[in-house]
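Me: I have a model open and would like to learn how to read it. Can we go through it one feature at a time?

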Amino acid sequence: MSTTRRTAALLLGAVLVTLTATACDAGGGASVSTEAKQTAAATPAAESGSAPAKPADGQPAAESKPAEAAKAPDAAKAPAKIGDTIGLKGSLDKGNTADVTAVKVVDPAESANAYLKAEDGKHYVAVQFQIKPTGSKTYSEAPWSSAKVVDAQGQSYGPTLAETKAGQSFQTPTNIAGGETGKGFVVFEVPNGTKLDKVQFSLDNGFAQQVGQWKIG
């Protein structure tokens, strides 16, 4: 991408972010979602449809223990990790929903431009996302403005428009019709030695109240 086109993309993205920020409801607080969407898995024996064991000698069956049974679903839940999908929703339009997957993290990522490098003492990290709109609204946003990475100390880092050899970055804006899937990288510039811990993504160009979060490693 030429310098002129990159500058135009940056300016367009800034306009989109500004318009979204202005339209968002300032009174609402953000909520972090770390629950991955469940995929088909083995059905527990209790729900498999098999007949329960018959009590011996006509004795009444032992009473179930709801308290213990209730622990099973909670125990099975774990924070979403890289490769998982989180269902996200926007704050401006109920039809703006999408399944977002943090596909992979490339750390470090090599610049695709011999003349554009990370600053001294820093390096690029590229995170690939997959976006699939699930509502009535076409996804038409700037994914680079929607993502962050967070290190082990809680410091967050915003994206840069640098291109890397990790793969194709998202265009600005990115348009994905309902039911279709789009995939691309978002690039970040972080200090050398940084141990990244989490990846975050939200709709509405990053201003939706719901924030998806994936654990790295």
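Predicted model: local features only at pLDDT ≥ 70, side-chain atom pairs only at ≥ 80, totals over all residues.

Me: Where does Asp197 lie?

Reply: Asp197 belongs to strand E11, which covers residues 196-201.

Me: Is Asp197 buried or exposed?

Reply: A residue counts as buried when its relative accessible area is under 20%. For Asp197 the value is 15%, so Asp197 is buried.

Me: Which residue does the side chain of Asp197 join in a polar contact?

Reply: The partner is Lys215, and the two side chains are 2.6 Å apart in this polar contact. Beyond its neighbours within four places in sequence, Asp197 is also in contact with other residues, including Val150, Asp151, Trp214 and Ile216.

Me: In which sense do E6 and E11 pair?

Reply: The two strands are antiparallel, with five bridges between them. One of the pairs is Lys148 with Gln200 of E11.

Me: Why is strand E6 described as largely enclosed by the rest of the structure?

Reply: Strand E6 runs over residues 147-151, and four of its five residues are buried, so the rest of the structure largely encloses it.

Me: What should I know about side chains along a strand?

Reply: In a regular strand they alternate between the two faces of the sheet.

Me: Which residue in E7 stands opposite Val149?

Reply: Tyr157 does. Strand E7 spans residues 156-157 and pairs with E6 in the antiparallel sense over two bridges.

Me: How many residues sit between the strands in the hairpin of E6 and E7?

Reply: There are four, and in this hairpin Gly154 takes a positive phi near 90°.

Note on methods: Residues numbered from 1 in each chain as written. Heavy atoms only, no water. Buried < 20%, exposed > 50% of the residue type's maximum accessible area, 1.4 Å probe, protein only. Polar contact = N/O pair within 3.5 Å; in protein donor to acceptor, adjacent residues only side chain to side chain. Contact = heavy atoms within 4.5 Å. Pairing = 2+ DSSP bridges.
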